[in-house]
Structures are given as structure tokens and as C-alpha cells.
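Biologist: I am new to this structure and would like to learn how to read it. Please take me through a few features, one at a time.

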Amino acid sequence: MAQAICSASVEHDAARLQYDGTSYRLTMRRRLQNTGEEPVTRYLIRISVDRYPGDPEQSNAHYRAHPLTWEELDLTATCRGDAMRWQAKRDRDAFKEVWLLFDNEHGRCPLYPGESVWIEYAYTVGAGKWGNWFQRAVRLPTERLEVQLAFPASLDPVVWGTETSMTAEASPLRTPPVRSDDGELRQFTWITTTPALHARYRLEWRFRARTERDSDQGEFR
């Protein structure tokens, strides 16, 4: 019987977040391997936003008034170059769970035992509903985890990060994000290998060229 992806591993998890001054576009690429005995027909993803991570009451009120919508997310997904259908599993004001399906209107293409495949999905969130952080959670055995952040260089961004495990409080990343400049973009790349299962890696940033008042522009008041 075909199943959701549970007996699987991630050979390479690559995430890119790019900010254009008004919205964030997130692109996730994962090379999945079916390590089980049954074909895999779907893969669960999560989209979570938190504009005020240090103030849950303010965040809850913010998203009650301005919930995250499927239309603005403009979620797309592909596998082997073909579009993947998706189905909403959970729909909350600031949190979505989605099944990416290994099929489309042209046919089915399950991931069979022993096979590996790249999947890619992307979505957009406006700056007023995002926050200055991006977290990656290791939910499947993973060989390589890569995160890239890209910001307008004119904002003079600075980036740092923390790691949290099931047995330890948040601590600084063991290696710093590596900065590179590409024209008008300033990029920060962080890579780790064989991350611990259930570990969470959070990258945070600040725009030094933007005042606190500027940071509030574009928010919903």
C-alpha cells in the first residue's frame, strides 16, 4: 500500500530565502530517498510565520486581524520537472500544513523503495506577516542541510544564528554564516552535515541601514 513519507531520509536539504524590500520568497529543495518498503505518494510540509516571536499575544492578535492566506502564499511545487498537486491539511491564521502529492492531472509518479528524487516548492510572504528569522527543523534523517539568505545590500544586513536540540537550550551556531556579495544582493550561506534529528536551526537578521521606525513600515496598523 502506498504511504506518506515516513520511512525516508533527506540526502540534501537546501533552503533559500530572498527579500526584495517588501516580501520574502522562500524556495525549498530537498533530495528525498525512500528507505522503506512501500511507494511514497505524498510529503508533508509546514509553513509557519511569526512577526513578533518574543510576544505571542501580539503575534496572535496580529494574525487574527491579518491571517496568512493561500492566495498570497502562491505555493508551487515540482518533482522531476513536473508540477505536484497539493492538499491543505491544516489551515491556521499563522500556520499551514500541506501535503505535496507525487501526482498531477497527467498521472502519478510515486517515490519507490530505494529511489531518490529532488522536490522543490516555493511560496511568498509579505514583510508585514513574516519576521526577522528563518528556522529549519530536522524532522527526517538528513545528510546535508544548507540555508541561504539573500537581502538587498543597501539595507546593510547582519546575520547570526542559534541551534536548539531536544536536550539543550539555544546556543550559537557552531560555524558562522558565510557572507558573499553578488551585485546588489548580499548573501549569507550556512551549511552543516548530519544534523541531529529534531534539532532546530534559527537564523536571524537585522538591517543596520533601517531604523526601528523604518522597520515598522509596511506593517498592518
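Charges, cysteines and a core

Modeller: Let us start with one side chain: Arg208, at 42% relative accessibility, counts as partly exposed. Keep in mind that this is a predicted model.

Biologist: Which residue meets the side chain of Arg208 in a salt bridge?

Modeller: Asp156 does, with 3.1 Å from N to O. The two are 52 residues apart: Asp156 sits in the loop between E13 and E14, and Arg208 in the loop between strand E18 (200–207) and helix H3 (212–215). Shared partners extend this, and salt bridges join Asp156, Arg179, Asp181, Arg186 and Arg208 into one network.

Biologist: Where in the chain are Asp156 and Arg186?

Modeller: Take the bond itself before the positions. Asp156 forms a salt bridge with Arg186, and the closest N and O atoms are 2.9 Å apart. Asp156 is in the loop between strand E13 (144–152) and strand E14 (157–164), while Arg186 is in strand E17 (residues 185–193), so the pair ties together parts 30 residues apart in sequence. Asp156 is partly exposed at 27%, whereas Arg186 is buried at 10%.

Biologist: How many salt bridges does the structure hold?

Modeller: There are 16. One of them pairs Asp13 with Arg30, again with closest N and O atoms 2.9 Å apart. Here Asp13 belongs to strand E2 (residues 8–19) and Arg30 to strand E3 (residues 23–34), a separation of 17 residues.

Biologist: Is Asp13 buried or exposed?

Modeller: Asp13 is buried, with a relative accessible area of 7%. Arg30, at 8%, counts as buried too.

Biologist: Now the nonpolar side chains. What is the general idea?

Modeller: In soluble globular proteins, nonpolar side chains tend to be buried together. In this model the largest nonpolar core has 49 residues, and those touching the most other members are Phe102, Tyr123, Trp130, Phe134, Phe151 and Trp205. Strand E11 (residues 116–126) gives the largest share of this core, five residues.

Biologist: Which residues does Phe134 contact?

Modeller: Once neighbours within four places in sequence are set aside, its contacts include Ala15, Leu17, Leu26, Met28, Val147, Leu149 and Trp205.

Biologist: Last, the cysteines. How many disulfides are there?

Modeller: Zero, on a search of the whole structure. A disulfide needs two cysteine sulfur atoms within 2.5 Å. The sulfur closest to that of Cys79 is in Cys109, and it is 5.8 Å away, so the two are too far apart for a bond. Cys109 is likewise in no disulfide.

Biologist: Which of these cysteines is buried and which is partly exposed?

Modeller: Cys79 is buried, with a relative accessible area of 8%. Cys109 counts as partly exposed, at 34%.

Key: Residues are numbered from 1 along each chain as its sequence is written. This is a predicted model: local features need pLDDT of at least 70, side-chain atom pairs count only at pLDDT 80 or more; totals for chains, interfaces and linings use all residues. Side-chain values use heavy atoms; hydrogens and water are left out. A nonpolar core is a set of buried Ala, Val, Leu, Ile, Met, Phe, Trp, Tyr and Cys residues joined through side-chain atoms within 4.5 Å. Buried means under 20% relative accessible area, exposed over 50%, partly exposed in between (1.4 Å probe, protein chains only). Helices (H or I, at least four residues) and strands (E, at least two) are DSSP runs, numbered from the N terminus. Contact means heavy atoms within 4.5 Å. A salt bridge is a side-chain nitrogen of Lys or Arg within 4 Å of a carboxyl oxygen of Asp or Glu.
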